Amino acid sequence: MEMSRHVIIVGGGPTGLLTALGLAKAGTRVTVLEAEPQLNDSPRALVYHYPVLPHLERMGLLQDCVAEGFLRQSFGWHIFSTGEMIEWDCLPESAAGQALHLHQGLFSKVLARHVAQSSNIEIRYQARLLGCVQHDDKVVAEIDGPEGLEQFDGDFLIGADGAGSTVRKNVLGLEFFGVTWPDRYIATNTRIDLSSCGYSPSVMQIDQKHGAVICKIDDSDVWRVTFVEDPSLPIERLPERIDAMFADHLPDLPYEVKAYAPYRMHQRVADKMRVGRILLVGDAAHVTNPTGGLGLTGGMFDAFALIEALNRVLQENASHDVLDFYERDRRRIFIEVTSVRASSNLRNLYQLKEGQQKEEFVQFLRTVAGSDELMRREMSFTEQLETRF
């Protein structure tokens with residue numbers, strides 16, 4: 001019996017839509033189930049590292065992504081206590097320093113435009129997954145949507161439904177091992193002219209009290225400025241605390257907070273990313289604190305790897321062993337590389353006490369800034385996030 005080549009993706013965020021596009025371009029029919037009535041565009045991921053760029057170009061997405069955002073070549077480390085700004089500026093001929101700055105909401109819109117142009121993809125909004133039954137040759141998903149209860153048959157079902165994943169928790173009953181960081185993370189989108197004060201498009205501000213991640217979102221001087229605070233503080237008074245933090249953390253410039261969102265930060269990973277014909281991708285499988293931009297970048301690498309693996313199975317009748325490799329390698333990379341580096345980034349930014357340890361880290365940053373070889377080594381770290389079949 002010939003395969004129907006139909007994949008059901010639960011979750012219409014960037015990772016789900018990216019996976020849908022990669023499968024659809026190879027000829028697979030994809031149904032995306034999105035529980036909300038529209039795509040989410042709240043302040044979330046912003047920076048994507050250079051190894052994703054060739055994948056986006058191959059999928060026909062890069063030009064639109066750059067048009068909506070921009071590519072940056074350098075970034076800075078601001079030592080708040082002394083005012084020193086250490087610039088990491090990779091050589092122009094090196095791709096390693098490049099990163100794409102693109103608000104996740106705009107990235108979703110780019111993906112949605114391309115999805116709309118694909119006859120192989122259908123998005124069902126306000127469609128909630130109730131359950132999924134696996135058979136030897138297919139999955140059957142039960143959906144509660146605007147039309148009432150429905151059933152969908154597919155070759156595979158992919159959980160791309162975020163950290164609170166219904167697929168991971170309710171369908172597969174998997175654990176989500178790890179820790180929650182003690183701080184609350186506040187992401188703001190703010191109009192402020194930091195370029196006039198010599199800020200690079202990405203700045204990591206190092207300080208126990210005044211630590212921040214400061215990234216330019218677009219050419220209209222809107223920046224993502226992110227702080228941490230005590231999670232016991234009342235959420236309802238957050239707007240006035242944001243004003244206090246801006247006065248405390250940033251140069252004295254006029255500003256306008258356009259949007260803000262509080263988060264808790266986690267390092268967690270599911271005990272499996274595949275059970276038979278059901279697979280997990282992105283935050284449904286693992287979550288990391290976002291310091292250093294490794295969250296959605298890691299989810300995108302999940303998507304690229306799963307596209308490759310499923311296309312081999314669906315289009316070339318490859319063995320399901322390739323899906324086992326997908327699971328093993330993506331969990332390994334998260335546990336050994338992504339989570340370790342993101343945790344180190346967070347500690348270096350927000351938790352280094354004054355003294356020898358901080359001085360040694362600052363000296364390391366200066367040494368890298370003065371060496372093209374060390375710069376390339378540090379900037380090319382994110383190549384380790386990619387799965388190679």
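The dialogue below goes through several features of this predicted model and how to read them.

Me: Before anything else, how are residues numbered here, and which pLDDT is needed for local features?
Reply: Residues are numbered from 1 along each chain as its sequence is written, and because this is a predicted model, local features need pLDDT of at least 70 and side-chain atom pairs count only at pLDDT 80 or more, while totals for chains, interfaces and linings use all residues. Side-chain values use heavy atoms, with hydrogens and water left out.

Me: How many helices and strands are there in the chain?
Reply: Helices (H or I, at least four residues) and strands (E, at least two) are DSSP runs numbered from the N terminus, and in this chain there are ten helices and 20 strands. The radius of gyration, taken over C-alpha atoms, can be set against a globule rule of 2.2 Å times the number of residues to the power 0.38. Here the radius is 21 Å, close to the 21 Å that the rule gives for 389 residues, so the chain is as compact as a globular protein of that length. Along its principal axes, the C-alpha trace spans about 70 × 50 × 35 Å.

Me: What percentage of the contacts joins residues 24 or more positions apart?
Reply: A contact means heavy atoms within 4.5 Å, and among contacts with a separation of 6 or more, 75% are between residues 24 or more positions apart. Take L323, which lies in helix 8 (residues 321–350) and is buried at 0% relative accessibility. Not counting residues up to four places away in sequence, L323 touches F156, R274, L279, A309, L310 and V313. A second case is H78 in strand 5, which is buried with a relative accessible area of 9%; leaving aside neighbours within four places in sequence, H78 is in contact with residues including G83, E84, Y199 and I206.

Me: How many aromatic pairs does the count come to?
Reply: Rings of Phe, Tyr and Trp (its six-membered ring) pair if their centres lie within 6.5 Å, and planes under 30 degrees apart count as stacked, over 60 as edge-to-face and the rest as tilted; the count comes to ten aromatic pairs. One of them joins W77 and W88 edge-to-face, at 5.3 Å centre to centre and 65° between the planes. Since W77 lies in strand 5 (residues 74–79) and W88 in strand 6 (residues 84–89), the pair ties together parts that are eleven residues apart in sequence, and both residues are buried. By contrast, F246 and Y255 are stacked, at 4.6 Å and 25°; F246 is buried at 3% relative accessible area, whereas Y255 is partly exposed at 32%. Ring pairs also link F75, W77, W88, F361 and F364 into a cluster.

Me: Where is D221, and what is its phi?
Reply: D221 is found in the loop between strand 15 (212–216) and strand 16 (222–229), and its phi is near 65°, a positive value in a residue other than glycine. D221 is partly exposed, at 21% relative accessibility. N317, also not a glycine, has a positive phi of about 55°; this residue sits in the loop between helix 7 (295–316) and helix 8, and is exposed at 62%.

Terms used:
Buried means under 20% relative accessible area, exposed over 50%, partly exposed in between (1.4 Å probe, protein chains only).
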